[in-house]
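Student: Hi! Please walk me through this one in plain words.

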Amino acid sequence: MKRVRTSSFVLMVLMLVAVGVLAAACGSGGGGSSPGTSASPGGSGTVVLWHGDIDVERAALDELSAQYNAQDPAWKIDMVFSGNSDYALQKLLTAMAGGKAPDIMYQYGSSLANLARSPKIVNMGDLIAKTPSYDWNDFFDAARLACTVDGKVRAVPSLVDNLCLVYNKKLFDAAGVSYPTASWTWTDFRDAAKKLTNASTKQYGWAYVADGSEDTVWRYLATLWQAGGDLLNADNTKAAFDSPAGLKSMQLLYDMAVVDKSVYLDQGTGNYLSLFNSGKIAMLWTGPWDMSTINKDVQYGVEILPADVTHASIAGPDAWVMVDNGPDRVQGAWDFLQWFTSAKTQMEWALKTGNLPIRKSQTKMPAYKLYLAKFPYAATFVANLDNVTKARPNIPAYPKISIALGQAVQGVLLGKLQPQQALDQASQQVDAILAAPGQ
Amino acid sequence: MKPARTRSSGRWDRLLNSESASGWLFVSPAVIIIGLFGVAPIVWSVVLSFQSNDLVTPGTWVGFANYAALFKDPMFAASVRRTIIYTLLFVPIVTVLALALAVALDRRLRGMRFYRTAVFAPVVTSTVATAIMFNWLLDPDFGIVNAVLVKFGLPAQGFFQSPSQALYCIVVMTVWGWLGFAVIIFLAALQGVPRELMEAAAIDGATRWRAFRRVQLPMLGPATLFLVIWLSINALQLFDEIYVTTRGGPLQATTVVVYYLYVQAFQLFEAGYATAIAYILFLGILVLTIVQLLIGRRFVHYRS
């Protein structure tokens, strides 16, 4: 009788077992995090939060999460660094497609319109409605606007900021130019930049991030709003920036970058900050996120942006989005977010990191004085929030609009496009984008 | 005693007990892993390319609409053009330079180990580190390259900030990064050329150049073919270096096919369109590789 040799038979059985184990592991691994099931209602376990903070912010996050976990909540929090927040949107999309999304994640406000299309992104409005003590209206307007898509609140604010004028006092003194004031106009700004530019020492009056990304667009939007213009019409169906105001703002960029050559064009590498620290750039339009990276030996000042018609600025609020991984986890994550975005915890966070307060009530707390003493520049940024009256439209088409406008502004800065040409090109593209079905 | 014949001794039995059956069981774990991580995404991509899908909400079937739109898309055509220009520059430059370097390194000089390591070091340097380095080297205002040019009275160049120069700077950066790989391949192939052949050529009175041209070069055929195919495939799939330097700019001067695909999928939420691009690229590379192999078969001499 033909018999299989014992050794190869045993081997075959072992292989089958290995394959079976592998398949089972892969199967359960891809099935997504299972909600906690335990005897106690609401379950218990650990909810996962993904963020992109480093250095000071990361240390602060770790401290605060340890504080929260020490309170012995039903759902503990696990803070996971998931890489630069520039890629947070793609990371979350990938994770959601793979069924292994975190419970909370830090996202740029501009990503929300597209993320909100997924039903897996928790509708925070419902949770907030059930928690009146949360005081939604306590958050700054800009932050609440950024978290609202189609009239529904789909995230809670994590960060509020805005663009201010940060300048190097020593360079101003050396060039004999008086410091920027709260009543500066575009003319003052342009003149100062010209006087602060020195081709032989490679010193520039202003720096602009000119890589065609949203970083390029949102600074342009600040100038557009300063000129009294608008990005889109009231119901977000057509471009509205191909207007006299739009032309004035494009012209300002063209005049400064191409005619005066007083602008350092950063390619999205962040070189502008190193150069500011080395005293090669006199003025920046930037936000609180850069302030902690400015060297101690640089004497800087902070002022609101110059005006054409208004001193308008732009805010880039970021948000905590929650992913629906089951009702128990949603509750656990919401408990944490309530604690984390409360005025008390946010004041602690602000004191540790220098980030701006996200709730108006924070400015009335006694600790706020300590905060201002520690971060003197913060006062200007917080006051400047009053100048943020308009927001970028929270519509799914915005990324496409951003690309069209980014190309136009980059073309103007590089001197490849005339201002009106750039406006025509961009507005045509934006109209086509908004006219496409499904937008 | 003669063993009794049983019914189990049929075709099935022979199949299950054959060596190939156990062989398959041995490789099945690897096959399953490759299947899950390799084949499954490939199949899913094909399915996606027939949908309009934003990866956030469920997709809708659109048949061949994505492919049809591709042929009318001027931005896609432009990205294909740039990719071809890049490939036509990258592959010959690397192959020829690497061959020259390999011949130069195929000697017994002092410090040869150092030179070979130096040539290979760029290959193992991470793309991001290389990008940061080149970003600063080629910075129009503060980079060393412009400083040297200006010192010699030449005008400062825009490099990564110039729409007309950016792609060629990428060529330089990637040639620098890949040269070592090709040099190592050629070195190995050169060292496979039997010494007796070179000695015979020398005895027959051939000059160094003729010996190289007539003896070594033909024997490098297989290595050259491999490199041309491998480098072409990598050049057509260029993405990393663009992503960490110019991000497809300035003014889309470095938006190659894979970068365009990335923008479509992850910035514009058009995953269906992006996978259609991926499949067109795949078909293009497949056709090119087949052509290269056929040409290679005709001209390359394999030692038996």
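Tutor: Happy to, starting with a term: helices (H or I, at least four residues) and strands (E, at least two) are DSSP runs, numbered from the N terminus. This is a predicted model, where local features need pLDDT of at least 70, side-chain atom pairs count only at pLDDT 80 or more, and totals for chains, interfaces and linings use all residues. Residues are numbered from 1 along each chain as its sequence is written, while chains are lettered from A and ligands numbered from 1 in the order in which they are written.

Student: OK, sheets. What is the strand order in the open sheet of chain A?

Tutor: The order is E2-E1-E3-E12-E6, which makes 5 strands with mixed pairing. Two strands pair if DSSP finds at least two bridges between them. Strands E2 (75–81) and E6 (156–159) of chain A form the edges; each has a single partner strand, so one side of each has no neighbour in the sheet. From one strand to the next, the twist averages 30 degrees.

Student: And how do E1(A) and E2(A) pair, parallel or antiparallel?

Tutor: Parallel: strand E1 (residues 45–51) of chain A is joined to E2(A) over 7 bridges. If you want a spot to look at, find Trp50(A), which stands opposite Val80(A) in E2(A).

Student: Which helix lies across those two strands?

Tutor: That is helix H2 (residues 55–70) of chain A, lying across E1 and E2 of chain A and running at about 165 degrees to E2(A). Angles like this run from 0 to 180 degrees between N-to-C directions, with axes fitted to C-alpha atoms, for helices over the stretch in contact.

Student: Let's change topic. How is chain A split into domains?

Tutor: The domain assignment gives domain 1 (45–154 + 317–387) and domain 2 (164–315 + 391–435) in chain A; such bounds come from an automatic or database assignment. Their C-alpha centres lie 28 Å apart. Where they meet, 21 residues of domain 1 of chain A are in contact (C-beta atoms, placed from the backbone, within 7 Å) with 19 residues of domain 2 of chain A. On the domain 1 side, the elements giving two or more residues are helix H4 (112–115), H6, strand E4 (148–149) and helix H16 (378–384) of chain A.

Student: And what are the domains of chain B?

Tutor: Chain B has domain 1 (11–49) and domain 2 (66–299). Their C-alpha centres are 34 Å apart, and 4 residues of domain 1 of chain B are in contact with 7 residues of domain 2 of chain B.

Student: Now the inside. Which residues touch the most other members of the largest nonpolar core?

Tutor: Ala207(A), Leu253(A) and Phe186(B) do, in a core of 184 residues. Helix H8 (residues 166–191) of chain B gives the most to this core, with 14 residues. A nonpolar core is a set of buried Ala, Val, Leu, Ile, Met, Phe, Trp, Tyr and Cys residues joined through C-beta atoms within 7 Å. Buried means 20 or more other C-beta atoms within 10 Å, exposed 12 or fewer, and partly exposed in between.

Student: What is Leu253(A) in contact with?

Tutor: Leaving aside neighbours within four places in sequence, Leu253(A) is in contact with Tyr220(A), Thr223(A), Val409(A), Val412(A) and Leu413(A). Leu253(A) is also one of the buried residues of H10(A), along with others including Ala245(A), Met250(A) and Tyr254(A). The cover over that buried set includes strand E8 (204–209), helix H17 (398–413) and helix H18 (419–435) of chain A. Just after H10(A), Lys261(A) has a positive phi of about 55 degrees.

Student: Back to helix H8 of chain B: is Met173(B) buried or exposed?

Tutor: Met173(B), which is found in that helix, is buried because 24 other C-beta atoms lie within 10 Å. Setting aside neighbours within four places in sequence, Met173(B) is in contact with Thr130(B), Phe134(B) and Glu241(B).
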